[in-house]
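Let's take a friendly walk through a protein, beginning with a sheet and ending with its pockets. Have a look at the model before reading on.

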Amino acid sequence: MRSVAINIGANTNEPGFRGPVFPDGSFEYIPIPESEPTAEPVPTYADLDLETDVSAVADRPVHFDPEFLEAGGDRYTYGDEHGVKAGPLSELSAGDYLFFYATLSTVDEGTAWAPPEWGAYVVGHFRLARDAVTGEGYRELSAEEQAVFDSNAHVKRESVDARVLVLGDPAASQLYETVVPLSTPDGGTEANHLVTDLSSDSGKGPWWRRPMRFDEAGTGRLLALATAPPASAAGETGE
């Protein structure tokens, strides 16, 4: 059992703001905008059931990827066209895990476990239902096998451009109710020991944008913390 964690979700570049994280550890998953023409209509920000004010981008279509059942998706799917993510994801096999982390804005900067302004947090995971599928491999699948990815944002584009596609097992995949901190309470750019001790990343530089690999022990620790209150997780990971 192994895993990869990748950055997802709205950020200060696109669409210009981050999703929020609240004092109880709950958060809003806000996807990035869709940047390519699509073969079929996709939701806009106005279509999402969000507390966050998205009026500035209300009419922009959304790139709903990763797709979570808890957020209104049809399946648990993820696709990526960028080699920096597609490379490590292509190595994952059925039964491995894909973790998703996002940078989120701190709603109450007096929250002891949350860094001021913003932090990086794990917000969900997939357990792979099948081996990851490369772009070339997808084109070689039968129509029936391709159909399980039909709801993915990259497949909805006019040209399927994913270099990798991942399908999550619905019995073992989820968008979390509360976050798992990857930043220390000192600041969003300060990586905690989940990053520096358990992942392949050094925690130096812009670690919150990079893919991270975890071995079996690291994967197990992340899964255990997924059900822990964020204050407990921050207390442990702030050591």
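In this predicted model, three strands form an open sheet in the order E5-E9-E8, with antiparallel pairing. Because E5 and E8 (133-134) stand at the edges with a single partner strand each, one side of each has no neighbour in the sheet. E8 and E9 (residues 164-167) run antiparallel and are joined by two bridges; Val133 has Leu165 in E9 as its bridge partner. Strands pair here if DSSP finds at least two bridges between them. Strands (E, at least two residues) and helices (H or I, at least four) are DSSP runs, numbered from the N terminus.

Which elements give two or more residues to the lining of the largest pocket? With a volume of about 680 Å³, the largest pocket has 26 lining residues, and Asn7, Gly9, Asn11, Ile32 and Lys85 are the closest to its centre. The elements are strand E3 (32-33), strand E5 (77-80) and helix H1 (83-90). E5 gives the largest share, three residues.

A pocket is an open set of points on a 1 Å grid over the protein atoms alone where a 1.4 Å probe fits, with protein on both sides within 12 Å along at least five of seven lines; lining residues have an atom within 4 Å of a point. Volume is the space filled by probe spheres set on the points, which are joined across faces, edges and corners.

Residues are numbered from 1 along each chain as its sequence is written, and side-chain values use heavy atoms, leaving out hydrogens and water. As the model is predicted, local features need pLDDT of at least 70 and side-chain atom pairs count only at pLDDT 80 or more, while totals for chains, interfaces and linings use all residues.
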